[in-house]
Amino acid sequence: MKSVKDCSKLKLACQSCRKRRRKCDLQMPCLNCQKFGVECLPIDQDLRKKRYTTGYVQSLHSHISLLESYMRRLKEANDDNERNKILASISIDDINEENATITASMADSAYLMNTSRTVGAVEHNSEPISTIITANASSATSHNSVVHTKNQVVSSSIYSSDSLYIRKRDPVVPIGDANEAPATNMKNLSRSPLILRALSFFFKWLYPGPFTFIHRETFLSAFFGDINTKTYYCSEELVFAIAALGSRLSQSSDDLYAKSTEYYNLSKLKVLNKVFHLEANTYIGSYSSSSKLAIVQTLLCLAFYDIGNGENPLAWYESGLAFRIAHEIGLHLNPEAWDSVYADKLSHLDIEVRSRIYWGCYIADHLIAVLFGRSHTLRLSNSTIPETDELPNIETGIEDYQYEPGVSLHMAKPLKKLIVLSRITEVFASKIFIKAGSMAQRSEYLRKFNLEFYNWRMNLPEEFRWTKSSIKDCDNNPTLTYIWYHYYIILLSYNKPFMEELEQSRIIIQETIYEIHCLLLSFKKQHKTFERCNIYMVYAAILSIQCLESGSIRKTNLNDFMDFLGSPTLNYDLAKKMFDNEVSTNDSIELLGTLTNGNDFTFKYNFDFTLLNEIDTLIGGSNINIT
């Protein structure tokens with residue numbers, strides 16, 4: 001056998017590189033071990049070439065289970081005679097796979113019958129965990145963890161194979177059908193005048209906007225008790241979350257406006273009870289994956305409510321929780337390939353609605369990432385679910401929940417266009433803001449980014465396209481203008497850090513602010529007040545003020561933007577906080593991302609709306625030389 005000193009080149013990666021999961025250069029010692037100052041230990045035997053058969057491994061598991069069962073019986077024996085009988089019954093030499101499995105199961109069953117009396121006396125109201133583990137040791141673990149069959153997901157995790165519900169399970173009762181109380185509560189909600197008004201405000205003025213993860217038609221059908229619609233498309237917490245958003249659009253003197261906070265708190269209490277099973281009857285694990293769709297939607301609605309209040313940390317937490325649950329239930333995966341995962345059979349409409357919900361979550365994730373200057377969670381490369389198509393519309397009966405009564409809302413085209421826009425930001429974000437490079441390199445990537453955005457705008461379908469002249473007299477249809485504001489917010493966020501150094505960014509920002517100003521004036525001219533404004537309009541105005549206050553461009557129309565934020569009819573706490581801070585500060589300050597960490601304003605309100613402060617400093621700081 002060769003000594004370590006005699007080995008100049010290894011055939012296999014050393015132990016240290018294997019442990020650290022690093023690429024070994026197969027030298028002796030290797031570069032990694034030299035770098036970390038550890039002993040380089042070679043591995044002489046390639047165990048990959050020696051594989052034991054599945055049957056042999058199962059036989060060993062069964063053998064061990066059998067011996068453990070005998071040891072338990074010996075330990076529980078009362079006298080020597082009983083122990084001798086047990087020892088005499090052991091036949092170690094004649095163990096094979098089949099006999100070992102059967103014998104182990106029988107031995108375990110006998111043992112459990114004896115021990116269950118003792119354990120049950122202590123915990124007679126619940127099944128002992130040890131019983132569950134032991135009873136499934138020979139059947140579930142020995143087979144499910146090693147047998148690979150079609151449509152079966154085998155987990156190598158330390159958790160059980162159903163920890164993420166990636167296998168066919170017994171049918172469970174969807175949310176809303178567990179007992180009569182939820183159904184009764186839903187019926188009461190559907191008859192509440194305040195709830196109905198709040199839902200009407202939401203779907204008329206805020207939908208689709210950033211809420212494309214909600215499909216209005218299936219929600220309303222389930223809400224009003226349509227027997228042909230599955231109940232899990234609507235839940236109490238989702239109704240309250242939507243009502244909280246909608247009621248904020250009423251006049252501040254209206255009784256409905258006072259209900260907004262109450263609806264929000266009710267929704268948050270109910271959904272967090274389900275997520276963290278704070279109550280015995282709200283354990284989220286007892287619901288099917290489809291039933292969790294409403295939980296994902298509720299958390300995102302709450303997140304946007306908190307964004308409107310300037311509660312960014314809470315909004316970030318709620319949205320992150322929603323995206324984690326979406327991943328847990330496989331919302332990003334093609335349902336047709338995972339049909340065996342779901343406890344309930346999915347129809348073609350169910351699959352299309354799931355697609356709509358997921359891609360709506362994808363858009364919301366990327367928007368929130370831009371607003372907060374954080375990394376997005378949902379990635380196109382990990383998504384196998386097909387892009388959403390047009391879904392059936394309800395022809396009559398929902399006129400109170402349409403901006404244009406009787407006009408069908410087609411969302412597939414704009415949603416696909418926003419997915420493309422999010423993909424552009426995903427590709428260029430790392431090149432513009434993260435990778436080290438000169439200002440010249442970053443500015444070139446920014447130029448390409450702006451060109452891609454311009455081409456995206458020019459290639460929009462005719463019904464979604466807009467120009468400088470057309471927005472002056474537009475009717476501010478919220479089912480259309482949300483696309484424009486989405487475009488403006490991303491464009492401003494990406495060019496803002498460069499506006500002091502790059503002429504192209506200053507020109508783009510000035511043109512964008514001009515168009516936003518035209519839209520706000522048009523909205524005021526048409527509606528007189530700002531109660532019906534959405535969060536897109538608030539953020540666009542705030543970003544415009546930040547750019548105008550920077551001193552890099554003319555402060556044209558700054559007062560109009562400030563009047564908008566300070567309007568008593570604009571019912572967003574975020575706008576009020578921004579306006580109050582501006583008027584109470586004598587010096588011009590940056591309202592958003594360029595605030596330094598730790599000052600009172602950032603600490604109090606947690607404002608970090610666009611790109612990270614560190615990114616702004618990296619790109620626009622005084623220490624950077626433009627080459």
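Helices here are DSSP runs of H or I, at least four residues each, numbered from the N terminus. With that settled, I looked up His 348 and found it in helix 16, which covers residues 348-372. The model is a predicted one.

**Entry: His 348**

I then took a C-alpha to C-alpha distance from His 348 to Glu 336 and got 9.4 Å. The two residues are 12 apart in sequence.

**Entry: the whole protein**

I stepped back to the overall picture. I counted 25 helices and 0 strands in the protein. The protein has 627 residues, and 49% of them count as buried. I took the contacts between residues at least 6 apart in sequence, and 70% of these join residues at least 24 apart.

**Entry: helix 18 against helix 20**

I looked up helix 18 (residues 439-458) and helix 20 (residues 503-527). Their packing angle is about 30°, and the axes lie 11 Å apart. I recorded the crossing of helix 18 and helix 20 as left-handed.

Which residues make the contact? From helix 18 I listed Ser 443, Leu 446, Arg 447, Asn 450 and Arg 457. From helix 20 I listed Gln 504, Ser 505, Ile 508 and Glu 515. I sorted the residues of this contact by type and got 2 nonpolar, 4 polar and 3 charged.

**Entry: Ser 505**

I followed one residue of that contact further. Ser 505 is in helix 20. Its relative accessibility is 0%, so Ser 505 counts as buried. What does the side chain of Ser 505 pair with? I found a polar contact of 3.0 Å to the side chain of Asn 495. Leaving out residues up to four places away in sequence, I saw Ser 505 touch Leu 446, Asn 495, Phe 498 and Met 499. Leu 446 belongs to the helix 18 side of the packing.

**Entry: backbone exceptions**

Most residues other than glycine have a negative phi, and most peptide bonds are trans. I went looking for exceptions.

- The peptide bond from Met 28 to Pro 29 is cis, with omega near 0°. I placed Pro 29 in the loop between helix 1 (15-20) and helix 2 (31-36).
- The bond from Tyr 207 to Pro 208 is also cis, with omega near 0°. Pro 208 sits in the loop between helix 9 (193-206) and helix 10 (216-223).
- Leu 26 has a positive phi, near 65°. I found Leu 26 in the loop between helix 1 and helix 2. Its relative accessibility is 24%, so I logged Leu 26 as partly exposed.
- Asn 476 has a positive phi of about 55°. I placed Asn 476 in the loop between helix 18 and helix 19 (478-495). At 3% relative accessibility, Asn 476 counts as buried.

**Entry: helix 10**

How many residues of helix 10 are buried? I counted 8 of its 8, and noted the helix as mostly covered. The buried residues include Arg 216 and Glu 217 as well as Phe 219 and Leu 220. Just after helix 10, I found Gly 225 with a positive phi of about 80°.

**Entry: Pro 42**

Pro 42 is in the loop between helix 2 and helix 3 (54-76). I got a relative accessible area of 18%, so Pro 42 counts as buried, the cut-off being under 20%. Pro 42 and Cys 14 are 28 residues apart in sequence. Their C-alpha atoms are 4.7 Å apart in space.

**Entry: Glu 531**

I placed Glu 531 in the loop between helix 20 and helix 21 (535-549). Glu 531 counts as buried because its relative accessibility is 8%. I checked Arg 248, which is 283 residues away along the chain. The C-alpha atoms of Glu 531 and Arg 248 are separated by 7.9 Å.

What else does Glu 531 touch, not counting residues up to four places away in sequence? Besides Arg 248, I listed Leu 249, Ser 250, Gln 251, Thr 569 and Asn 571. The side chain of Glu 531 also makes a polar contact of 2.4 Å with the side chain of Thr 529.

Definitions and conventions: Residues numbered from 1 in each chain as written. Heavy atoms only, no water. Axes fitted to C-alpha atoms, helices over the stretch in contact; angles between N-to-C directions. Helix = DSSP H or I, 4+ residues; strand = E, 2+ residues; numbered from the N terminus. Left-handed = near helix turned anticlockwise from the far one by under 90°. Contact = heavy atoms within 4.5 Å. Nonpolar A, V, L, I, M, F, W, Y, C, P; charged D, E, K, R; others polar. Buried < 20%, exposed > 50% of the residue type's maximum accessible area, 1.4 Å probe, protein only. Polar contact = N/O pair within 3.5 Å; in protein donor to acceptor, adjacent residues only side chain to side chain.
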